[in-house]
Amino acid sequence: MTEPLQINKMEIKQANCLDQAFFDQPCIDLANALLGKYLVRRLSCGTLLIGKIVETESYLGVEDRASHSYNNRRTPRNEPMYMKPGTIYVYFTYGMYHCFNLSSQESGGAVLIRSLEPVHGLDIMNRLRNQFNENQNKSKRNNHLPNSQNNEETHSQSNRNSPAKKQKLIKSKQTLSSNDWDQPNKKSKLQDRDLCNGPSKLCISMDITIEYLNKRHICESEEMWVQDLDCESNITIVESSRIGIGDFAKEWKAKLLRFYILGNKCVSKTDKKMESQMLSC
């Protein structure tokens with residue numbers, strides 16, 4: 001973990017977000033450019049949750065067999081991938097999880113935000129994770145559902161799963177009220193590094209859902225935006241293959257389309273082989 005970010009609330013505002021021109025770039029370039037930037041989420045009560053983007057994946061659109069938009073596939077679900085660069089694409093998976101993407105310059109291209117380093121609002125993130133787990137445990141007891149808490153589906157798995165079948169699973173919503181924010185957190189506390197180190201984990205911790213954010217533009221939303229809050233420019237980026245890409249994607253399985261900040265403890269999965277090759281050069 002890096003040193004805690006010193007929050008200047010005068011700087012944390014939508015007016016200071018990265019502009020449209022930043023997001024209007026090719027998918028791979030955008031995935032790299034987002035590393036080290038800060039995702040800001042403003043809850044309905046005004047509370048700010050902030051995380052540093054430390055891991056991304058590129059889904060290149062119509063040519064990418066692992067992408068929702070492969071072969072020009074266009075549905076109501078993946079419509080944000082075809083909207084202007086910077087459009088928020090949130091999809092629902094396994095009947096209980098969300099994943100968050102931002103559209104890029106290519107038609108059907110999008111960057112999956114895979115991991116964040118939480119820097120502000122960590123206690124609230126913990127509460128959201130605890131409440132989500134409580135809701136899922138209640139649902140499993142009532143419906144005898146298998147435990148799938150460790151599953152993290154991204155574009156590739158989603159292509160193979162039937163939405164109709166998955167909708168039979170339980171969809172859990174966050175229900176913390178504004179009165180809950182100031183109450184002591186009596187539940188078990190997760191390690192900071194485990195709050196947002198995965199695409200679904202970060203959506204739970206940041207309260208990112210289809211209902212509130214899908215199809216919104218990241219530059220125009222008052223609820224979520226991206227800012228450049230510090231001057232850290234000397235990060236080292238590791239290129240690796242994407243996680244969870246099945247054999248159906250053939251040559252796309254091995255392509256280096258996942259990017260993360262070397263040495264950051266909040267990355268969901270490190271690639272020691274690629275890191276070793278980089279350091280030996």
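Lysine 250 is exposed, with a relative accessible area of 56%. The model is predicted. Lysine 250 lies in the loop that links strand E7 (237-240) to strand E8 (258-261). Its phi is positive, near 50°, although the residue is not a glycine.

Asparagine 72 also has a positive phi, of about 65°, and is likewise not a glycine. This asparagine sits in the loop between strand E2 (48-59) and strand E3 (88-93). With a relative accessible area of 53%, asparagine 72 is exposed.

## Overall composition

The protein chain has 281 residues, of which 52% count as buried. Its secondary structure consists of eight helices and eight strands.

The chain exposes about 13,300 Å², and 47% of this area comes from carbon and sulfur atoms. Of the contacts between residues at least 6 apart in sequence, 72% join residues at least 24 apart.

Strand E4 spans residues 97-103, and seven of its seven residues are buried. Both of its faces are covered. Tyr97, Cys99, Asn101 and Ser103 lie on one side, while His98, Phe100 and Leu102 lie on the other.

E4 runs antiparallel to E3, and six bridges join the two strands. Within this pairing, tyrosine 89 stands opposite asparagine 101 in E4. The two strands form a hairpin with three residues between them. In that turn, tyrosine 94 has a positive phi of about 55°.

E4 is also joined to strand E5 (residues 110-120), by three bridges and in antiparallel orientation. Here leucine 102 stands opposite valine 111 in E5. E4 and E5 form a hairpin with six residues between them, and glycine 108 in the turn has a positive phi of about 85°.

## Methionine 206

Methionine 206 occupies the loop between helix H6 (199-205) and helix H7 (210-213). Is this methionine buried or exposed? Its relative accessible area is 0%, so methionine 206 is buried.

Leaving out residues up to four places away in sequence, methionine 206 touches Leu39, Arg41, Leu43, Leu49, Ile50, Gly51, Leu116 and Met125. Methionine 224 is 18 residues from methionine 206 along the chain, and their C-alpha atoms are separated by 9.6 Å.

## Lysine 255

Lysine 255 is placed in the loop between E7 and E8, where lysine 250 is also found. Lysine 255 counts as partly exposed, at 34% relative accessibility.

Apart from neighbours within four places in sequence, lysine 255 is in contact with Ser240, Ser241 and Arg242.

## Cysteines

How many disulfides does the structure hold? The count is zero. Cysteine 203 is in no disulfide, and its nearest cysteine sulfur, that of cysteine 99, is 6.0 Å away. Cysteine 203 is buried, with a relative accessible area of 3%.

The cut-off for a disulfide is a pair of cysteine sulfur atoms within 2.5 Å. Cysteine 219 is buried, with a relative accessible area of 15%.

## Histidine 217

Histidine 217 is located in the loop between H7 and strand E6 (224-227). At 5% relative accessibility, this histidine counts as buried.

Which side chain makes a polar contact of 2.8 Å with the side chain of histidine 217? The partner is glutamine 20. Not counting residues up to four places away in sequence, histidine 217 touches Gln20, Lys84, Pro85, Gly86 and Thr87.

Terms used
Residues are numbered from 1 along each chain as its sequence is written. This is a predicted model: local features need pLDDT of at least 70, side-chain atom pairs count only at pLDDT 80 or more; totals for chains, interfaces and linings use all residues. Side-chain values use heavy atoms; hydrogens and water are left out. Helices (H or I, at least four residues) and strands (E, at least two) are DSSP runs, numbered from the N terminus. Buried means under 20% relative accessible area, exposed over 50%, partly exposed in between (1.4 Å probe, protein chains only). Contact means heavy atoms within 4.5 Å. Accessible areas come from the Shrake-Rupley method with a 1.4 Å probe; for residues, only the protein chains shown count as cover. Two strands pair if DSSP finds at least two bridges between them. A polar contact is a pair of N or O atoms within 3.5 Å; within protein, one must be able to donate a hydrogen and the other to accept it, and residues adjacent in sequence count only if both atoms are side-chain atoms.
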